[in-house]
Amino acid sequence: MTRKNRYNKERDGLQQGIYAIINPFVRLLIRMGVTPNMVTTIGLLGNIAAAALIARAGYVARETGDPSFHLITWGGAVTIIFSLFDMLDGQVARLGNMVSRFGALYDSVLDRYCELFTVGAISYYLIMTGHEIGALIAFIALVGSIMVSYVRARAEGVGLECKVGFMQRPERVVVTAVGCLACGITGMALPTSPNTAITILIVAMAIIAVFANITAFARVDVCRRGLK
């Protein structure tokens, strides 16, 4: 078994384990009449709230010089909580027999909005705290994130399945949320070393920037070979 296949197998196993935990809650939502699109919308609103917390931290940093690490911590927590709705909506659709082509499109579009809001807010925060290079890295991470999804969509448009790559949406969400949490907690624990804490967030963005763009180009190469 190749390393890629082993990783995909472990990833699928973890995903199935999470489904086993959330399925009782999913069935409750279905009995309550909740639709997949409602779940997707709630996830978007939660991610907007997380982005607002991070942007608020940037605004406070600009006005007072306080990096507001408590807001960054809350932003990371809210991001990871509401990103779970990205898994819930699919399970609600499958278990509730409500799978639709529009639902798949709606989910994909709102996922992109979630990333634009969250990583955009992080870039703003880094600018407001005087880390312009870090903000540029966050922007490159955002470009890579969008291109990973775009290449897959274009591939499907020409009849190819293209899901290869390490830095897919679940991984990006985890790295972003953990980066915010680690930054915020470190900043509150070490109030005299704010740059150390913010560097953690920049490193998280750098990981996404590198691997998301590698994933995007790997998908382009898969499509090139598939269309020969």
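Among contacts (heavy atoms within 4.5 Å) in the protein chain between residues at least 6 apart in sequence, 82% join residues at least 24 apart. This is a predicted model, in which local features need pLDDT of at least 70, side-chain atom pairs count only at pLDDT 80 or more, and totals for chains, interfaces and linings use all residues. Residues are numbered from 1 along each chain as its sequence is written, and side-chain values use heavy atoms, leaving out hydrogens and water.

**The chain as a whole**

- The protein chain has 8 helices and 0 strands, where helices (H or I, at least four residues) and strands (E, at least two) are DSSP runs numbered from the N terminus.
- Along its principal axes, the C-alpha trace spans about 50 × 50 × 30 Å.
- Buried residues (under 20% relative accessible area, with a 1.4 Å probe and protein chains only) make up 42% of the 228 residues.

**How H3 meets H7**

- Helix H3 (residues 69–83) packs with helix H7 (residues 169–189) at an angle of about 155 degrees, and their axes lie 7 Å apart; axes are lines fitted to C-alpha atoms, for helices over the stretch in contact, and angles run from 0 to 180 degrees between N-to-C directions.
- H3 and H7 are therefore roughly antiparallel to each other, a label for angles over 145 degrees.
- On the H3 side, the residues that meet H7 include Phe69, Ile72, Gly76 and Ile80.
- On the H7 side, those that meet H3 include Arg169, Val173, Leu181 and Met188.

Technical notes. Parallel < 35°, antiparallel > 145°, perpendicular 65-115°, else oblique. Buried < 20%, exposed > 50% of the residue type's maximum accessible area, 1.4 Å probe, protein only.
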